[in-house]
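The model is a predicted one, and the points below are grouped by topic.

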Amino acid sequence: MKKILVTTDYSANSKSAIRFAIQLASQGSISLTFLHILHLSRPTTWHEETYLTYEKEEIEKDKVALDTFINSSYEELNATPSTHACVVEVAVVADFRIMGYAEENDMDFICISTRGAGMFEKIIGTTTANLINQSSVPVIAVPGTFRTEQLTSLLYASDFTALKQEIPKVVDMARVFDARVDLLHFSFPSEPTLDPDILNTAVKTFTDYPMTVHLKPTDLSKTLIDNIDGVIKTLNPSLVIMFTTQNLGFFHQLFSSGNSVNYCFLTSVPLLVFAKS
């Protein structure tokens, strides 16, 4: 059984991740944990015992609110509640606590909603971007526009540098909801010509799961994100999978963000991001 940690701040936007997770759980063997990070102020005059009592009371109240919020989400979707838990954690910085909880509890994925990010938000970092850049647990970023529908296919965007390591992870996810898999690669003029038949044969050495390879020439007048988006509009996948290099440093992320980080703010399709080996 896969274990997915779903974050929420009770906003309408955060419901897209909840909708996606509930849908995915309805199609596979998945346990969901819904997590809310509670921010509490501590007056400097309070003794430790006073604060701990206050913290316990606030967690209990927030747990009731979280249970109500999640139950209403199931009702809105006319979905039967699957195996799930609701957890409230107190933290100053949400990103680190989400990652910590996911690692401590052996979660397979973190599922979080995303929204458009302006330059200021990119400078200070958003929770979604920070998780993609730093989390050792793969992150599913779900756009606010996501509406529940049957999940049927996934698109794996690859640079062909680590197929042996990446394909098993892609197939493992595909098996969760019996998805059709399309492997996408954009070639550049400087690259040698690739034979689709040879590539299909090579892919079969790493998995027996059916996978269709799509080789596309890069339109140099467009960004890589725009190139990928064009294919997405044609294939209409339920989920896009990318692998990203993490921990490149603040200035690199600011002025030359990884494609997966940039794409999570623009896509209309949920995006699953693994850390690149």
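Helix H3 passes helix H5 in a right-handed crossing. The two helices, H3 at residues 94-104 and H5 at residues 127-134, pack at an angle of about 45°, and their axes are 9 Å apart. Because of that angle, H3 is oblique to H5.

**The contact of H3 with H5**

- On the side of H3 the contact is made by Asp95, Phe96, Ile98 and Met99, while H5 contributes Thr127, Asn130, Leu131 and Gln134.

**Nonpolar cores**

- The largest nonpolar core holds 48 residues, and of these Leu32, Leu154, Met173 and Ile241 touch the most other members.
- Met173, when its neighbours within four places in sequence are left aside, is in contact with Leu24, Phe109, Ile140, Leu154, Leu239, Ile241 and Leu272.
- Another core, of 29 residues, lies apart from the largest one, and its members include Leu5, Val87, Val137 and Val273.

**Buried glutamates**

- Glu166 has its place in helix H6, which spans residues 163-176, and it counts as buried because its relative accessibility is 3%, with under 20% as the cut-off.
- Once residues up to four places away in sequence are set aside, Glu166 touches Tyr156, Ser158, Phe243 and Lys276.
- Glu58 belongs to helix H2, residues 48-76, and with a relative accessibility of 19% it also counts as buried, since the cut-off is under 20%.
- Not counting residues up to four places away in sequence, Glu58 touches Leu38 and Leu40.

**Val88 in strand S3**

- Val88 lies in strand S3, which covers residues 84-90, and it is buried, with a relative accessible area of 9%.
- Leaving out its neighbours within four places in sequence, Val88 is in contact with His36, Leu38, Ile59, Asp62, Lys63 and Leu66.
- Val88 and Val64 are 24 residues apart along the chain, and a distance of 9.8 Å separates their C-alpha atoms.
- Leu38 is among the residues in contact with Val88, and Leu38 is likewise touched by Glu58.

Methods
Residues are numbered from 1 along each chain as its sequence is written. This is a predicted model: local features need pLDDT of at least 70, side-chain atom pairs count only at pLDDT 80 or more; totals for chains, interfaces and linings use all residues. Side-chain values use heavy atoms; hydrogens and water are left out. Axes are lines fitted to C-alpha atoms, for helices over the stretch in contact, and angles run from 0 to 180 degrees between N-to-C directions. Helices (H or I, at least four residues) and strands (E, at least two) are DSSP runs, numbered from the N terminus. Angles under 35 degrees count as roughly parallel, over 145 as roughly antiparallel, 65 to 115 as roughly perpendicular and the rest as oblique. A crossing is left-handed if the near helix is turned anticlockwise from the far one by less than a right angle, and right-handed if clockwise. Contact means heavy atoms within 4.5 Å. A nonpolar core is a set of buried Ala, Val, Leu, Ile, Met, Phe, Trp, Tyr and Cys residues joined through side-chain atoms within 4.5 Å. Buried means under 20% relative accessible area, exposed over 50%, partly exposed in between (1.4 Å probe, protein chains only).
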